[in-house]
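This briefing walks through one protein model, going from a single position to the whole chain. Please keep the sequence and the structure in view while reading.

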Amino acid sequence: SCLVGSEMCIRDRINIESKNIIISTGSKAAALPGIDFDEEKILSSTGALNMSKVPNKMIIIGAGYIGLEKGSVWSRLGSEVHVIEYLDHITPGIDREVSDEFMRILKKQKIEFHLNTKVEKVSKSDNGVTIETKDVHNNKNLIHGDVVLISVGRKPYTENLNLEKVGIHCDDKGRIKVNSKFQTNLKSIYAIGDVIN
């Protein structure tokens with residue numbers, strides 16, 4: 001059997017024949033449309049782990065648990081942290097009572113929240129980043145910081161796998177569809193991990 005599990009395998013186009021194949025290419029941070037990670041001022045969750053110094057001010061776009069975890073760490077290290085969330089609460093998908101209690105704890109750490117707020121634009125300059133936002137009342141605001149962490153979810157890493165050419169079915173988010181045995185619609189090809197639902 002063959003395990004397809006590294007980005008290098010995909011990039012270098014290695015041809016391997018096998019009776020069975022397992023696709024385990026994982027996922028990568030999702031970006032906002034038109035905004036690319038540079039991992040210096042515009043960070044993914046990976047880039048947020050690799051900073052060489054504590055930023056004076058960090059802005060986090062997205063109030064899911066991954067971004068909040070990183071924000072909590074950098075806040076305790078001395079960074080002023082602001083979280084921008086489109087919804088009216090943090091940690092979507094988690095029980096609302098737990099979510100509200102979690103937000104109270106984070107506010108005690110002096111993390112500031114901007115809920116019901118849409119990000120319109122992210123700009124970077126020599127001095128840092130500027131986030132243009134709009135709230136539910138159409139009030140526009142600018143938030144300046146040293147870095148911005150974009151933490152709006154993850155997406156499956158299926159680029160350049162030629163899944164359509166082979167005939168493997170994916171859902172509308174690009175995740176490979178599998179059955180209870182992790183088989184794709186092609187019985188000799190399996191998929192596991194972040195690349196599936």
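Leaving aside its neighbours within four places in sequence, which residues is Gly26 in contact with? In this predicted model, Gly26 is in contact with Pro156, Tyr157, Asp194 and Val195 once those neighbours are set aside.

**Gly26**
- Gly26 is found in the loop that runs between β2 (21-23) and β3 (27-29).
- Gly26 counts as buried because its relative accessibility is 17%, and buried means under 20%.
- Although Gly26 and Arg154 are 128 residues apart in sequence, their C-alpha atoms are 9.7 Å apart in space.

**His89**
- His89 belongs to the loop between β6 (80-84) and α4 (96-108).
- With a relative accessible area of 16%, His89 is also buried, since the cut-off for that word is under 20%.
- The side chains of His89 and Asp88 make a polar contact at 2.7 Å.
- When residues up to four places away in sequence are not counted, His89 touches Arg96, Ser99 and Leu115.

- In soluble globular proteins, nonpolar side chains tend to be buried together.
- The largest nonpolar core here has 17 residues, and those that touch the most other members are Leu43, Met58, Leu68, Val83, Ile90 and Phe113.
- Two or more residues of this core come from each of β5 (57-61), α3 (65-76), β6, α4 and β11 (147-150).
- Leu68, taken as one example from the largest core, touches Ala63, Val83, Ile90, Thr91, Phe102, Leu106 and Phe113, not counting residues up to four places away in sequence.

**The protein as a whole**
- The secondary structure consists of 5 helices and 13 strands, and the C-alpha atoms fill a box of roughly 55 × 40 × 30 Å along the principal axes.
- Of the 197 residues in the protein, 40% are buried.

Technical notes: Residues numbered from 1 in each chain as written. Predicted model: local features only at pLDDT ≥ 70, side-chain atom pairs only at ≥ 80, totals over all residues. Heavy atoms only, no water. Helix = DSSP H or I, 4+ residues; strand = E, 2+ residues; numbered from the N terminus. Buried < 20%, exposed > 50% of the residue type's maximum accessible area, 1.4 Å probe, protein only. Polar contact = N/O pair within 3.5 Å; in protein donor to acceptor, adjacent residues only side chain to side chain. Contact = heavy atoms within 4.5 Å. Core = buried A, V, L, I, M, F, W, Y, C linked by side-chain atoms within 4.5 Å.
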